[in-house]
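Take a look at the protein shown here. The report below starts with one residue and then widens out.

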Amino acid sequence: MYELIKNLGTWLTSGASWTGTDGIAHRLAEHLQYSLLATLVAAAIGLPLGLLIGHTGKGAFVAINLASFGRALPTVGLVVLVFLAGGLSMLPVYVALVALAVPAIVTNTYAGMTAVDPDVKDAARGQGMRGHQVLFQVELPLALPLIMTGLRLALIQVVATATIAAYVSFGGLGRYVFDGLAQRDLVQVLGGAVLVAVIAVTLDLALSGLQRFLFRHRTA
């Protein structure tokens, strides 16, 4: 075990491990690209849906159950299914990652909207605000903490799962895991897993800090 950790340290700190198209820097950039793009697409789908059902109260049963269904989907199975239907491309990976991220965004956005005090919404309407004004000027600002929590959870889940890109011969940090397993190189496998964990924790801490900064006055 000590030898494995020692070799891992050597692998992570070696200049040769960080250079070239197979280097850590390049694989890290690929992994972040997959993760951020998938999360942005998921946000473009999940945020409007969560806001709509939270504001109108219509479609909540269907949306939440669809979100639960999305959580239950086997990610690798979905990649293989889309791969068989659409051929070799990054599309299967993005479809799987977006499907993974949407549920957290929808449910947290919906939860944030429903947590807004009905009296506050009634008071806004009493002041002459229209539906869209109540949504964007009252409900959305109050729901933002939970909405950001949903985005944060979605991004971390996607970062941790983006290793599946290597399953269909693409890049990212999953290359170290899959290639390492094929080559029986435990150092490479452990290195890939550690790098993914470090990125996930770093992004989580960064987003948590941003969330506390943006809403510091609400808890003061």
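## A covered serine

Ser-35 is buried, because its relative accessible area is 1%. Buried means under 20% relative accessible area, exposed means over 50%, and partly exposed lies in between (1.4 Å probe, protein chains only). This is a predicted model: local features need pLDDT of at least 70, side-chain atom pairs count only at pLDDT 80 or more, and totals for chains, interfaces and linings use all residues. Residues are numbered from 1 along each chain as its sequence is written, and side-chain values use heavy atoms, with hydrogens and water left out.

Where does Ser-35 lie? Ser-35 is part of helix α3. Its side chain reaches the backbone oxygen of His-31 at 2.8 Å. Leaving out residues up to four places away in sequence, Ser-35 touches Leu-155, Val-158, Val-159 and Ala-162. Contact here means heavy atoms within 4.5 Å.

## The overall fold

The protein has eleven helices and zero strands. Helices (H or I, at least four residues) and strands (E, at least two) are DSSP runs, numbered from the N terminus. Of the 220 residues, 40% count as buried. Among contacts between residues at least 6 apart in sequence, 74% join residues at least 24 apart.

The accessible surface comes to about 11,800 Å². Carbon and sulfur atoms account for 68% of that surface. These areas come from the Shrake-Rupley method with a 1.4 Å probe; for residues, only the protein chains shown count as cover.

## Checking a helix

Helix α6 covers residues 91–114. The expected span of a helix is 1.5 Å times one less than its number of residues. With 24 residues, α6 should therefore span 34 Å, and its end C-alpha atoms are 34 Å apart, which agrees. Helix α6 is mostly covered, with 18 of its 24 residues buried.

## Salt bridges

How many salt bridges are there? The count comes to five, where a salt bridge is a side-chain nitrogen of Lys or Arg within 4 Å of a carboxyl oxygen of Asp or Glu. Asp-22, Arg-27 and Glu-30 are linked in a network of salt bridges. In the bridge between Glu-30 and Arg-27, the closest N and O atoms are 2.9 Å apart. These two residues are about one helical turn apart, because they sit three residues apart in helix α3. An α-helix has 3.6 residues a turn, so residues three or four places apart point the same way. Glu-30 counts as buried, because its relative accessibility is 15%. Arg-27 is buried too, at 10%.

Arg-175 and Asp-179 form another salt bridge, with closest N and O atoms 2.9 Å apart. Both lie in helix α9 (residues 174–183), four residues apart, about one turn. Arg-175 is buried at 14%, whereas Asp-179 is partly exposed at 24%. Asp-204 and Arg-152 also form a salt bridge, with closest N and O atoms 2.6 Å apart. This pair links distant parts of the chain: Asp-204 is in helix α10 (residues 186–214), Arg-152 is in helix α8 (residues 131–161), and they are 52 residues apart. Asp-204 is partly exposed at 25%. Arg-152 is partly exposed at 21%.

## A nonpolar patch

Which residues make the nonpolar surface patch of about 230 Å²? They are Leu-37, Val-41 and Ile-45. Patches are made of residues with over 30% relative accessible area and no salt bridge; like charges are joined within 9 Å, and nonpolar side chains (Val, Leu, Ile, Met, Phe, Trp, Tyr) within 5 Å. Ile-45 lies in helix α3 (residues 24–56). Its relative accessibility is 44%, so Ile-45 counts as partly exposed.

Definitions and conventions. A polar contact is a pair of N or O atoms within 3.5 Å; within protein, one must be able to donate a hydrogen and the other to accept it, and residues adjacent in sequence count only if both atoms are side-chain atoms.
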